[in-house]
Amino acid sequence: MKTALFWIFSVAALGGAVGVVGNVRNPINSALNLVVSMLALAGLYVLLEAQFVGLIQVMVYAGAIVVLFLFVIMLLNLRGSGTSGAEVQPLVKIAGVALVAFAGLFLVRVLASGRAPWPDVDPSYGTTRAIGEALYTDYVLAVQLAGVLLLAGILAAVVLAKKRVD
Amino acid sequence: MATSTVFVALFIFVVIMLVFAPVMTWVERKQSALMQDRIGANRAEIFGFKALGLIHPLADVIKMITKEDTMPTGAHRFIHLISPFIAVTPAVISFAVIPFGGTYEMWGAKFSLVVADLDYGVLYLFAIGSIATYGSMLAGWAGNNNFGMLGSIRVSAQMISYEVAIGVTVIGLFMIFGTLKLSEMGELQQQTFRVFGFMHYLGWVAPGTKWIDWITLPMWGIVLQPLPFFMFMTALMAENKRAPFDTPEGESEIVAGYFIEYSGMKFGLYMMGEWIEVVVISGLLAAMFLGGWSLPWLPEKDLIAFLSKPFGANIANLMAMLLAVHVFFGKVIALIFFQMLVRWSMPRFRYDQVMNLGWKILLPLSLANIVLTAIGILIVQGVTHS
């Protein structure tokens with residue numbers, strides 16, 4: 001059951017990722033493929049007993065960030081360039097092909113290395129309580145720093161938007 | 001999966017989908033008619049039986065299923081096809097984590113009246129709810145219609161804004177209960193606390209004073225967090241985009257907004273999604289703020305212990321279970337009535353008013369609530385532990 005789900009989610013995640021890059025005509029299709037990929041990733045997290053991370057993945061990435069992408073695409077009524085990479089420099093093309101080849105080789109190697117058993121984890125692993133305790137005891141400095149960073153981001157967005165209004 | 005879980009899931013499906021949603025269309029018609037001094041739905045009949053207009057939901061369904069299913073030219077066919085399903089599925093599956101009773105053991109079988117008792121229950125609801133945005137948003141875009149487009153821009157902005165408010169308003173409650181699990185919240189809300197207990201700790205009354213033990217309140221969410229209850233309900237109703245928050249479909253401005261190009265049962269799916277969402281909102285509010293399946297001042301354990309003496313443990317559990325289901329759905333029905341009352345009392349907000357309410361009123365208030373709740377918790381802990 002778990003293995004079947006793993007395959008479904010993995011194929012969906014990879015397929016979605018390919019779809020994001022492949023849809024040059026229609027940005028909306030790209031964004032929707034991104035949603036599929038995000039949801040599949042969330043499924044993989046849940047399979048790895050990290051339910052909290054999986055749900056946050058759905059809530060933040062699939063449910064908010066990509067919605068904002070779509071919102072901007074709709075608002076600006078963007079159409080794809082349609083020129084599927086004719087003006088891309090040859091060096092970039094070569095680098096892209098090399099990267100894809102490398103990733104493909106890596107994927108094949110991982111798949112060929114055989115199946116690892118599903119890990120047995122403590123039932124408290126990945127619960128909200130465990131994550132909360134870890135975040136606010138061991139990693140409290142990182143949480144604070146991330147908070148400051150996000151606050152700076154919000155302030156920067158306000159400043160930029162306000163300049164446009166004034 | 002245990003057989004009892006399947007029964008519970010089936011029960012929820014039948015109650016929510018087949019009873020609540022259709023009957024609610026009737027209730028809504030009759031209630032609005034009552035409020036506007038009309039008679040309301042009373043025309044549909046089978047062999048002369050009108051049943052107070054209760055045939056109308058049936059007539060609606062037949063009409064919607066037999067209507068022509070149109071596909072506008074220039075529409076994105078696939079997205080236009082799947083959008084109603086994306087919109088209705090989250091509403092249907094979100095009731096899975098809402099408990100409508102505790103766990104009961106009778107005749108050797110264990111009945112837990114919640115389909116999926118997840119550790120992160122409320123978070124699951126929020127995550128599922130955030131997916132529902134796509135159903136509405138893509139619908140307006142896929143139909144190749146300018147009004148639909150305006151509707152989908154409005155719906156995405158509104159739903160994203162209120163998702164923030166929804167998440168932040170209830171953090172105070174999570175801090176008090178220390179859990180995201182809805183069944184655990186239901187258990188915790190069966191406790192009571194002494195309203196004047198603080199006088200005992202401050203030394204204002206002589207130790208051993210009896211009367212402060214008598215004046216108690218149930219530890220319901222609405223008692224502990226009264227303002228967030230209303231803020232949370234407002235945010236949920238805005239997320240459900242029914243009147244007075246129905247700017248995305250505002251028929252006087254943008255005809256029907258995001259579902260303008262839908263006909264027949266696909267349009268019906270949007271309506272059904274909204275109605276099911278009303279039930280889910282009521283269930284969530286009842287489970288988090290109104291004590292879930294329990295009656296105030298009556299912890300379920302005490303009730304079962306009391307009933308076990310004359311009837312035996314099995315019958316006592318069965319009775320407690322039936323009572324719990326009735327109490328829970330009683331609360332749900334009351335909340336549904338309240339939501340309909342709001343819907344038919346208030347005119348539609350202007351779009352900027354909707355946005356201002358979300359960002360400038362609900363968000364700052366709920367952030368202040370988090371700080372105040374944290375201070376309150378620290379004070380209570382400090383006093384009771386010293």
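**Entry 1**

The model is a predicted one, in which local features need pLDDT of at least 70 and side-chain atom pairs count only at pLDDT 80 or more, while totals for chains, interfaces and linings use all residues. Residues are numbered from 1 along each chain as its sequence is written, and chains are lettered from A and ligands numbered from 1 in the order in which they are written.

Notes on terms: helices (H or I, at least four residues) and strands (E, at least two) are DSSP runs numbered from the N terminus. Axes are lines fitted to C-alpha atoms, for helices over the stretch in contact, with angles from 0 to 180 degrees between N-to-C directions.

Helix 3 of chain A passes helix 4 of chain B in a left-handed crossing (the near helix is turned anticlockwise from the far one by less than a right angle; clockwise is right-handed).

I listed the contact (C-beta atoms, placed from the backbone, within 7 Å). On helix 3 of chain A the residues include Leu55(A), Val58(A), Met59(A) and Gly63(A), and on helix 4 of chain B they include Leu123(B), Phe126(B), Ser130(B) and Trp141(B). By class, this contact has 15 nonpolar, three polar and no charged residues (Ala, Val, Leu, Ile, Met, Phe, Trp, Tyr, Cys and Pro count as nonpolar, Asp, Glu, Lys and Arg as charged, and the others, Gly among them, as polar).

**Entry 2. The interface as a whole**

I then took the chains entire: 20 residues of chain B are in contact with 18 residues of chain A. On the chain B side, helix 4 (121–142) and helix 5 (146–169) are the elements that give two or more residues. Helix 4 of chain B supplies the largest share, 10 residues. The chain B side divides into 14 nonpolar, four polar and two charged residues.

**Entry 3. Helix 11 of chain B and its partners**

I checked helix 5 of chain B against helix 11 of chain B; their axes come within 9 Å and cross at roughly 155°. That makes the two helices roughly antiparallel, and their crossing is left-handed. Among the residues in contact are Met159(B), Tyr162(B) and Glu163(B) of helix 5 of chain B and Met231(B), Phe232(B) and Glu239(B) of helix 11 of chain B. The classes are 10 nonpolar, two polar and two charged.

**Entry 4. Domains of chain A**

I looked up the domain assignment of chain A (bounds come from an automatic or database assignment), which gives domain 1 (1–80) and domain 2 (123–166). Their C-alpha centres lie 22 Å apart. Four residues of domain 1 of chain A are in contact with four residues of domain 2 of chain A.

**Entry 5. Confidence**

I noted a mean pLDDT of 83 for chain B, with 98% of its residues at 70 or more (pLDDT is the predictor's confidence in each residue, from 0 to 100). Within chain B, confidence is lowest in helix 8 (residues 197–202), at a mean of 72, and highest in helix 11 (residues 226–239), at 89. The predictor gives the complex an ipTM of 0.78 and a pTM of 0.84.

Note on methods: Two residues are in contact if their C-beta atoms, placed from the backbone, lie within 7 Å. Angles under 35 degrees count as roughly parallel, over 145 as roughly antiparallel, 65 to 115 as roughly perpendicular and the rest as oblique.
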